[in-house]
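Please keep the sequence and the coordinates side by side while reading.

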Amino acid sequence: MPTYRLLIEYDGTDFRGWQIQPDQPTVQAHLEEALGVCLRRPTAIVGSGRTDSGVHARGQVAHFQTPSTIDLRRTVASLNGLLPRSIAVVAGEATAETFHARYDARRRRYHYQACTRPTALDRHARWLLRPAPDFERMNEAAEALLGTQNYDAFCRTQSATTNRVCTVYRAAWVPDRAAADPVGAWRFEVEADRFLHGMVRALVGTLVEIGRGARPLDDLPRILASRDRREAGPAAPPHGLILHHVTYDTPFALS
């Protein structure tokens with residue numbers, strides 16, 4: 001059956017996350033409704049991951065199947081005409097029938113955006129950190145996150161996921177020169193083979209406590225060893241989090 005994948009960007013402010021929920025506005029629901037209109041038949045779409053309520057995406061990937069070949073360029077144009085302006089299909093292409101947006105993903109990269117002074121243009125996509133934490137101290141602490149470890153302590157307690165082992169390839173705070181107001185703008189870049197429910201926001205919240213001196217610099221190894229969510233810090237607000245990129249063996253031609 002012909003299979004297509006889409007590269008999708010969205011502002012999650014007004015959505016209750018990616019996944020369809022009864023009587024709630026979600027990104028997946030809007031996409032499936034628009035696809036149904038374009039293809040004149042109900043069409044399911046599967047995303048690479050389920051972003052939470054208020055979380056954004058710059059590089060969400062999703063796939064869908066159709067009974068026959070379609071003009072994808074025209075379909076993408078039609079989708080962008082039907083979708084709310086907070087969702088944009090950036091690219092689309094035909095792919096292997098066996099392709100699965102979630103299970104074929106090799107790595108995922110999230111950015112968590114923060115700022116140390118008020119911003120108007122980025123207010124829906126940055127966590128205002130006042131007082132400002134010590135970013136060098138947070139980077140030194142974040143080195144303990146690299147490698148393959150059990151992240152039970154940074155997973156939501158109600159999560160049904162039983163495998164809590166992840167391999168983290170990058171975890172670092174960097175100045176965000178691309179921000180609308182780059183003065184005092186930072187982002188936390190974290191890349192892993194997989195992420196647990198609430199993991200990135202819990203990591204950010206804990207690192208900020210370390211950066212403010214509320215926790216010792218070497219606290220992350222202890223927290224990881226405890227496998228207890230209560231030992232980690234509070235989750236950072238959702239509006240600073242962006243699904244930035246998903247890596248596959250065959251990358252998007254236009255990504």
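A residue is called buried when its relative accessible area is under 20%, exposed when it is over 50%, and partly exposed in between, with a 1.4 Å probe and protein chains only taken into account. Helices (H or I, at least four residues) and strands (E, at least two) are DSSP runs, numbered from the N terminus. The model is a predicted one, in which local features need pLDDT of at least 70 and side-chain atom pairs count only at pLDDT 80 or more, while totals for chains, interfaces and linings use all residues. Residues are numbered from 1 along each chain as its sequence is written, and side-chain values use heavy atoms, with hydrogens and water left out.

With these terms in hand, helix H5, which spans residues 219-226, can be examined: its buried residues are Asp219, Leu220, Ile223 and Leu224. These residues cover an arc of only 130° around the axis, which places them on the same side of H5, the arc being that of the directions from the helix axis to the C-beta atoms. In general, an α-helix has 3.6 residues a turn, so residues three or four places apart point the same way. What do the buried residues of H5 pack against? Their partners are helix H3 (135-142), strand S7 (147-150) and helix H4 (199-211), where contact means heavy atoms within 4.5 Å.

Asp219 itself, a residue of helix H5, is buried with a relative accessible area of 5%, and its C-alpha atom is separated by 50 Å from that of Pro2, 217 residues away along the chain. At the other end of the helix, H5 is followed by Arg227, whose phi is positive, near 55°, although Arg227 is not a glycine. Arg227 belongs to the loop between H5 and strand S10 (241-247).

Is Ala153 buried or exposed? Ala153 has a relative accessible area of 0% and is therefore buried. Neighbours within four places in sequence aside, Ala153 is in contact with Ile223, Ser226, Arg227, Asp228, Arg229 and Ala232.

Helix H4, one of the partners of H5, contains Glu209, which counts as partly exposed at 23% relative accessibility. Once neighbours within four places in sequence are left aside, Glu209 is in contact with Ala214, Arg215, Gly233 and Pro234; the C-alpha atoms of Glu209 and Gly233, 24 residues apart along the chain, are separated by 7.1 Å.

Turning to the whole protein chain, its secondary structure comes to five helices and 10 strands. The radius of gyration is 19 Å, close to the 18 Å that the globule rule gives for 255 residues, so the chain is as compact as a globular protein of that length; the radius is taken over C-alpha atoms, and the rule is 2.2 Å times the number of residues to the power 0.38. Along the principal axes, the C-alpha atoms fill a box of roughly 60 × 40 × 35 Å. Buried residues make up 49% of the 255 residues, and among contacts between residues at least 6 apart in sequence, 72% join residues at least 24 apart.

Some residues elsewhere in the chain complete the picture. Thr75, located in helix H2 (residues 72-82), counts as buried at 8% relative accessibility and touches Leu35, Cys38, Leu39 and Ile70, not counting residues up to four places away in sequence. Asp23, by contrast, is exposed, with a relative accessible area of 80%; this residue sits in the loop between strand S1 (3-10) and helix H1 (27-39) and has a positive phi of about 60° although it is not a glycine.

The loop between S6 and H3 holds Pro131, which is joined to Arg130 by a cis peptide bond with omega of about 5°. Ala132 lies in the loop between strand S6 (127-128) and H3 as well, and at 47% relative accessibility Ala132 counts as partly exposed. From C-alpha to C-alpha, Ala132 and Leu31 are 39 Å apart in space and 101 residues apart in sequence.
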